[in-house]
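Dear colleague,

Please find the structure below, handed over for your reference. My notes on it follow.

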Amino acid sequence: MKQIHWFPGHMKKAQIEVQDKIKLVDVIVELLDARIPLSSRNQVLYKLTKDKTRLVVLTKKDLADSKITETWINYFKSQGFAAVFADLNNPNDVKNIVRHVEELGSIKNAKYAAKGMKPQPVRAMIVGIPNVGKSTLINKISGRKAASVENKPGHTKAQQWIKVSEKFELLDTPGILQPNYNDSKNAINLALVGSMNENILPNDQLATIAFLYLLQNYKKQLTDRFNYLDFDACVEENFKLIARKRGYLTKGGEDIEKAYKVFLNEVKNGVLGPISFERVEQNA
């Protein structure tokens, strides 16, 4: 597969703004999709913020394989980062994130106190690729619609400081993908979880990759959802089976393109159950 380029103008502008704001920030809150922790890390932003205190948050834990997510948490901790996993719709998980940020930011205030200065609000910058949960997290922490949310990559376009409390301020940033992806595997993973528009890759190719991955790693979930599949047949024939069973038909026969699209949406939205596309032992 050729190199994938995906870098709209607002992303380049946001990257420059992030670089300008780093000096104002005490803690970086890096949101990664628990299903693809490494593919969902923007390496450009990571390098820009690598010298800052960091909390790694693996979001969408309900959509990821919990056993594999636990190994990723241990991996990031072994790299010297504070790390937690979270379902951002779970109030307890959100409170846990806030607690970790306040603990990390307390180091700065300890230095202020030693100099006889008043404590200052912890300033945290939230970074992450599109559709990983940044706006949702801000809304949950602030208890109001501080940042608009839409289930669409690239929705947040501008930075904004949000005062959570007298002790805590957040800087939201737009989701920023890397300018390009030399490793096509990363682009595929991003498309599978909805952080890169699927139409960047052909649906038949993407669906085939997902199908074969599930067959190898999550066969039970695949067969529970589609108990009529014939694993001795080729992948295309199985998608024709799905099309026939679900009534996706055209005058020429099965609407296999619709079968591909629906299958990819079900994978992305967790209809087949928790699935992780990256494992520590294979990627880290």
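The chain has eleven helices and ten strands; helices (H or I, at least four residues) and strands (E, at least two) are DSSP runs, numbered from the N terminus. This is a predicted model, in which local features need pLDDT of at least 70 and side-chain atom pairs count only at pLDDT 80 or more, whereas totals for chains, interfaces and linings use all residues. Residues are numbered from 1 along each chain as its sequence is written, and side-chain values use heavy atoms, with hydrogens and water left out.

Of the 284 residues in the chain, 49% count as buried, that is, under 20% relative accessible area with a 1.4 Å probe, protein chains only. Contacts (heavy atoms within 4.5 Å) were also examined: among those between residues at least 6 apart in sequence, 68% join residues at least 24 apart.

Strand β5 (residues 122-127) is mostly covered, with five of its six residues buried. It runs parallel to strand β2 (residues 27-33), and four bridges join the two; strands pair if DSSP finds at least two bridges between them. In this pairing, V29 stands opposite I126 of β5.

Helix α8 (residues 219-225) contains Q221. The side chain of Q221 reaches the backbone oxygen of L272 at 2.8 Å, and a polar atom of that side chain lies 3.3 Å from the backbone oxygen of P274. Neighbours within four places in sequence aside, Q221 is in contact with L272, G273, P274 and I275.

The whole structure holds 13 aromatic pairs. Rings of Phe, Tyr and Trp (its six-membered ring) pair if their centres lie within 6.5 Å; planes under 30 degrees apart count as stacked, over 60 as edge-to-face and the rest as tilted. Y213 is in helix α7 (residues 203-217) and F277 in the loop between α10 (256-268) and α11 (280-283), 64 residues apart. Both Y213 and F277 are buried.

F226 and F263 form another tilted pair, with 6.0 Å between centres and 45 degrees between planes. F226 lies in the loop between α8 and α9 (235-246) and F263 in helix α10, so this pair ties together parts that are 37 residues apart in sequence.

Definitions and conventions:
Buried means under 20% relative accessible area, exposed over 50%, partly exposed in between (1.4 Å probe, protein chains only). A polar contact is a pair of N or O atoms within 3.5 Å; within protein, one must be able to donate a hydrogen and the other to accept it, and residues adjacent in sequence count only if both atoms are side-chain atoms.
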